[in-house]
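Welcome! Have a look at the model below, and then let's walk through a pocket and some helix packing together.

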Amino acid sequence: MKYIKIYEDYLDQEEQIQNNITIKYGLKKIIDNIKKPEETYEDYFDNIAKELDVKISKLLAFGGNGVALELNDNRILKITMDKAEVLNSFSLLNKRNLHIVSISNVKILKNDNIFLGVITMSKLKNLNFNQISFINRVKNIIYYNNRNNSAIIWKIWLNKNKQKVLDELSTYDKISITDKNYIIDNMLLILDELNKNNIPCTDLLGNNIGINIDGSLAIFDLGVETYQNIKMFNKIPMLFV
């Protein structure tokens, strides 16, 4: 299946231009240097999937630092240059969290010259544009008042200043006050779980948060500066492609 072509056809012209700019010196260039000359990107991704005994059904995103692929079993396969995301994902492997995406597999592609991590995770439902926009506004207020990425500090501040945030965003009428309260409460739960798992506050953007089957929110992008021991890399299994 030509899932990359389907993805490119889906993007409008402006998005295609931006997509080409962001990947020019990122992941796409790295893959160009390590895949066989006769291989397409789909061939390369399919070979990774084959080694993991999974099958790709759709390309979801191809950006500067990583690619997200939907699998036939309704999970997500991420290939990323982000070492922090790989480390944080490995620390969460097979742990049960309600507000952090479930991680079922983490490996590092064996290559002496570059770093690529491969992460398999559960699939979350997308938020709509207005929900994403509201989360981003909340995140910006938190960051403006704290200027750090500590999950526990963000949680304490947001819990104490929830009404202040709601008041500041009272003119944002794209979602109901009930939904605003629900989203902020779930952001607090996400921050709590990040703290309990010793993960610094990730970029808490709406684009990095999805909806669980039960309607609760969970974060799925775990790439940020990490305080975990770099020696953990030695514990992550290698994937030979």
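Predicted model: local features only at pLDDT ≥ 70, side-chain atom pairs only at ≥ 80, totals over all residues.

Residues are numbered from 1 along each chain as its sequence is written, and side-chain values use heavy atoms, leaving out hydrogens and water.

**The pocket**

- A pocket here is an open set of points on a 1 Å grid where a 1.4 Å probe fits, with protein on both sides within 12 Å along at least five of seven lines; lining residues have an atom within 4 Å of a point.
- The lining has 16 residues, and Asn97, Ser102, Ser122, Asn212 and Ile213 lie nearest the pocket's centre.
- By class, this lining has 6 nonpolar, 5 polar and 5 charged residues (Ala, Val, Leu, Ile, Met, Phe, Trp, Tyr, Cys and Pro count as nonpolar, Asp, Glu, Lys and Arg as charged, and the others, Gly among them, as polar).

**H6 against H9**

- Helices are DSSP runs of H or I with at least four residues, numbered from the N terminus.
- The axes of H6 (residues 129-146) and H9 (residues 177-196) come within 11 Å and cross at roughly 55° (axes are lines fitted to C-alpha atoms over the stretch in contact, and angles run from 0 to 180 degrees between N-to-C directions).
- H6 and H9 are therefore oblique to each other (under 35 degrees is roughly parallel, over 145 roughly antiparallel, 65 to 115 roughly perpendicular and the rest oblique).
- Their contact (heavy atoms within 4.5 Å) involves Gln131, Phe134, Ile135, Val138 and Lys139 of H6 and Lys180, Ile183, Ile184 and Met187 of H9.

**H6 against H7**

- H6 and H7 (residues 151-160) pack at about 105°, with axes 10 Å apart, and are therefore roughly perpendicular.
- The contact of H6 with H7 has 8 nonpolar, 2 polar and 1 charged residues.

**H7 against H9**

- H7 and H9 pack at about 150° with their axes 8 Å apart, so they are roughly antiparallel to each other.
- Contact residues include Ala151, Ile152 and Trp154 of H7 and Ile184, Met187 and Leu188 of H9.
- By class, the contact of H7 with H9 has 9 nonpolar, 2 polar and 2 charged residues.

Notes
Helix = DSSP H or I, 4+ residues; strand = E, 2+ residues; numbered from the N terminus.
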